[in-house]
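Open the model in your viewer and keep the sequence panel beside it.

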Amino acid sequence: MRSPKWILINIIICIVTTYFASSSYANIWLSNKQVGQGETFAVYCDDLDSVSLEASCLNQRVTFFPTSPDAFTQRALFAIPLEADMGAYPVLVSWEANNKRHSLTMKINIVKGKFQHVNFNLPKSKKPLLNQNLIVDEWGEIEEAILNTLPEQKWEGSFTKPCPGVTSLPFGTFELINGKTNSRHKGSDIYNEKEEKTDILASNNGVVVIAKTFKSFGNTVVINHGQNVFSIYFHLSKILVQKEDTVKKGDLVGKMGTTGMSTAPHLHFALSVNNHRVNPNQWLSEEF
Ligand SMILES: [Zn+2]
């Protein structure tokens, strides 16, 4: 039988140990234990100094942003490239507390995505659009806009599908165009039988940063959702917003079309996180 004094000493040791453990290791967690190629995961931290907070994984060093203006919780988003090899990767989080640098290493498991291979023919009249210089130049203009960050989170909850319809070409598909150009499809194509009468709606709240006609992408709208997250809408028949417009989830931004490098009316819907194109369907079901 232990004496009451011995039990009291043990309780004190326990409380002291718990206190020092919690002051050294902050509350840090991952949104997912495993993600597919081309998907997103987040690192969340509670109650840490944002100035000194850093996270890195897969040669990406990512900035933390608050999850709301008065947030106690901060989040860093990681986009897994489509080409990433499968396996377990370290996620390193470091921060400063009591004049000391602390760090914590967690693991994220990257699993193989399921991707199709398709071969399609672009009509002769649209072949000049396959010119790589044109695509690089026009993408450069979009990239300039999506490198411009907005520290505030504009999106609310999960994203919504911009229009009803079936997925005619999934994200990540290996594309062989006219038997030659081999590339990956970095968006999700949605087809609706109403075709050009189909409304295209903002997938979440944000600010329009591009509302412009490109030769290769056709009529294009890009929405900045803050914190390096952007949604992209290609091949529209009509653009119904202007640059710098503020939009809410579900607002009309355009009509489905087949402008630019497209063979039939559809919407090419893409999502960019830290300038990597990620699977937009994940954001329709998961909340970051
Ligand atoms: Zn597409």
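The coordinates here come from a predicted model.

**Stop 1: Thr258.** Select Thr258 and show its surroundings. Because 17 other C-beta atoms lie within 10 Å, Thr258 is partly exposed. The residue sits in a loop, with strand E21 (252–255) on one side and strand E22 (267–273) on the other.

**Stop 2: the contacts of Thr258.** Which residues does Thr258 touch, leaving aside its neighbours within four places in sequence? Select His235, Ala264 and Pro265: these are the contacts. For His235, draw a distance between C-alpha atoms; the value to Thr258 is 5.0 Å, across 23 residues along the chain.

**Stop 3: the sheet containing E21.** Next, colour E15, E21 and E19, which form an open sheet of three strands in the order E15-E21-E19, paired antiparallel. Strand E15 (199–201) and strand E19 (238–239) are the edges, each pairing on one side only. Zoom in on E19 and E21, where two bridges make up the antiparallel pairing. Select Lys238 and look across to E21: the residue opposite is Lys255.

**Stop 4: the whole chain.** Zoom out and switch to a cartoon view. The chain has three helices and 23 strands. Of its 288 residues, 35% are buried. Among contacts with a separation of 6 or more, 66% join residues 24 or more positions apart.

Technical notes: Residues numbered from 1 in each chain as written. Predicted model: local features only at pLDDT ≥ 70, side-chain atom pairs only at ≥ 80, totals over all residues. Helix = DSSP H or I, 4+ residues; strand = E, 2+ residues; numbered from the N terminus. Buried ≥ 20, exposed ≤ 12 C-beta atoms within 10 Å, placed from the backbone. Contact = placed C-beta atoms within 7 Å. Pairing = 2+ DSSP bridges.
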